[in-house]
Amino acid sequence: MRRVGFAVLVLMATVAQAARAQASPSEPWFSVMLPPPVVYHELEVLSERPAAPAVVPTGEERFTELAGASMQRDLATIVDFAKESRRTREVGDGGIWGRITGFPSGNRTIEWATEQFRRAGIRDVELQSFSQAANAGITLPVSWEVRVLGDAAFGAGTRDVVLESAMPLSDPDLHPEGIIAPLVYVGTATPAELARVDVRGKVAVQKAIPQAHTVFIRDPVGPRAQDLLERGAVAVLTVIDLPGNLRVNDMGCGSGPCFNLGGRDGLFLEQILSAAAERGTPDAVRVRLRLDNERFAGLASHNGVAVIPGTSRPDEYIVLNAHADSWFDGAGDNGDGLAVLVALARHFARRDVRMERSVVFVASAGHHSAGLSGPGNFVAMNPDIVENAVLFVNLEHTAQRNITPARTAHEDGYREWTMDTGESPIVGGLTNMAPFLEDRIQRGIERYGTNFVSGPNTTASGEGGTYSRTGVPVFTTIQGPPMYHTTGEVLEMVSTPGMERMARFMAWYVREVSKAPAASIDPN
Ligand SMILES: [Zn+2]
């Protein structure tokens with residue numbers, strides 16, 4: 001009898017314990033590990049092997065201005081303009097920073113590049129100023145918060161968690177009290193997944209996994225966020241599954257409130273929502289969203305323009321452009337392109353390197369700040385050059401290293417990322433696909449090992465698109481890599497030999513184009 005009574009007691013105690021565990025886990029947040037604090041300007045990727053060295057063909061060793069080390073120093077200077085923007089809280093609470101055209105960070109970067117053109121010995125150097133049209137302005141988020149609301153039912157001591165990687169994407173401010181609503185996880189938000197989910201009145205959490213190019217997931221991510229809003233979601237959180245806990249200023253979602261979240265914050269949400277679902281309370285976890293935007297108008301900026309006259313055809317121009325603006329540190333977008341441009345200006349300013357045609361360098365105000373377009377103002381302010389240009393070259397995102405998920409995963413489920421020794425794929429877009437120009441791209445790849453994607457294409461990007469409207473052929477080098485428009489685009493993400501590969505490739509390419517007949521450059 002006593003033995004049976006003991007067994008019953010033990011059984012009852014076990015049931016009571018299980019019931020308590022169900023009612024309230026002993027650890028906060030269902031015992032899920034909290035996301036780590038966000039650290040800025042730090043590499044979030046494993047990097048043990050150095051980047052593959054640049055190839056220097058015989059006879060080109062003397063072009064030391066194209067060596068990676070000097071571009072690396074310039075890149076550090078360029079990234080510092082952005083870091084300063086964060087230190088000084090140039091915009092609002094300092095949650096977004098960069099080299100922002102119209103703000104001191106962006107304008108000083110262009111002034112610095114212009115000074116480098118002068119120091120290279122180029123005589124014809126000009127800072128061409130312009131200001132925003134009366135009706136133009138840019139809206140930037142100045143203050144925001146995504147706060148997951150704690151509840152003792154999720155475990156004793158469960159406190160609110162602020163998701164520090166949150167990045168707002170929508171223009172309208174939220175009500176001063178913000179939005180408070182339950183979260184619902186919708187996977188990748190395909191119609192098949194949404195067929196069984198009711199998002200009405202809830203904040204939908206969708207997940208996006210960038211592959212080699214983050215820029216290529218704008219579609220479907222943006223339209224799917226819009227679809228979620230149309231189905232009745234009050235807001236959308238998009239987890240951009242990238243290394244660490246990065247802030248991502250891209251994608252967008254149209255009309256409603258949307259925020260991006262970094263990989264670690266996303267993993268936390270995924271795990272607590274799974275835990276809540278397993279306990280039969282899928283709608284229990286709530287979030288509070290807050291957002292204030294500000295419109296900035298009446299801004300002014302400039303392009304830095306330098307011209308090196310050609311020896312035999314000075315009235316024909318090859319124009320090399322790199323935009324100076326960035327979101328966040330922007331080492332890859334477009335610090336590396338600007339560093340390559342400055343190195344090329346030093347190269348073509350050499351007395352022993354003379355081109356038949358004139359070569360023009362544009363440190364461009366870029367394309368992030370509405371009403372202050374770098375290419376648009378260059379075209380408007382330099383009709384003589386544009387009319388007699390034979391080729392525009394747009395150096396954009398030229399040497400960011402490639403990354404892939406690493407083999408090992410942490411015990412909390414987070415998977416580390418690791419670097420390749422090479423660059424992430426570079427799109428080599430040529431608007432007119434002229435056989436001569438394509439042939440020289442191919443020969444350049446063979447000479448220098450630049451990692452262009454396979455196959456000719458006409459990609460012109462935001463910056464190159466404006467130039468292409470002039471009817472002049474445009475050659476664009478552009479990566480849309482994983483760290484594109486994120487806080488992960490730090491100095492160490494850029495390959496020093498990668499910049500050298502691109503600079504030596506482009507120096508050779510421009511030399512080839514400079515001596516070619518006009519009919520080869522543009523047969524149409
Ligand atoms: Zn760019």
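I count four donors as tetrahedral if all angles lie between 85 and 135 degrees; four count as square planar and six as octahedral if opposite donors are over 155 degrees apart and all others between 65 and 115; anything else is irregular. Donors are N, O and S atoms within 2.8 Å of the metal (3.2 Å for Na, K and Ca), and water is not among the atoms, so sites may look incomplete.

Basis. The model is predicted: local features need pLDDT of at least 70, side-chain atom pairs count only at pLDDT 80 or more, and totals for chains, interfaces and linings use all residues. Residues are numbered from 1 along each chain as its sequence is written, and side-chain values use heavy atoms, without hydrogens and water.

Zinc site. I looked up the zinc ion and found His323 (NE2), Asp333 (OD), Glu396 (OE) and His397 (NE2) coordinating it at 2.0 to 2.6 Å. The arrangement is irregular because the four donor atoms subtend angles of 80 to 167°. I noted the sequence spacing of the donor residues as H-x9-D-x62-E-H. Histidine 323 lies in strand 12 (residues 313–323) and histidine 397 in the loop between strand 15 (389–396) and strand 16 (401–409), so the pair ties together parts 74 residues apart in sequence. Strands are DSSP runs of E, at least two residues, numbered from the N terminus. Both histidine 323 and histidine 397 are buried (under 20% relative accessible area, 1.4 Å probe, protein chains only).

Alanine 208. I placed alanine 208 in strand 7 (residues 203–208). Alanine 208 is buried, at a relative accessible area of 5%. Leaving aside neighbours within four places in sequence, I found alanine 208 in contact (heavy atoms within 4.5 Å) with Ile217, Val221, Thr238, Val239, Ile240 and Asp241.

Note on methods
Helix = DSSP H or I, 4+ residues; strand = E, 2+ residues; numbered from the N terminus. Buried < 20%, exposed > 50% of the residue type's maximum accessible area, 1.4 Å probe, protein only.
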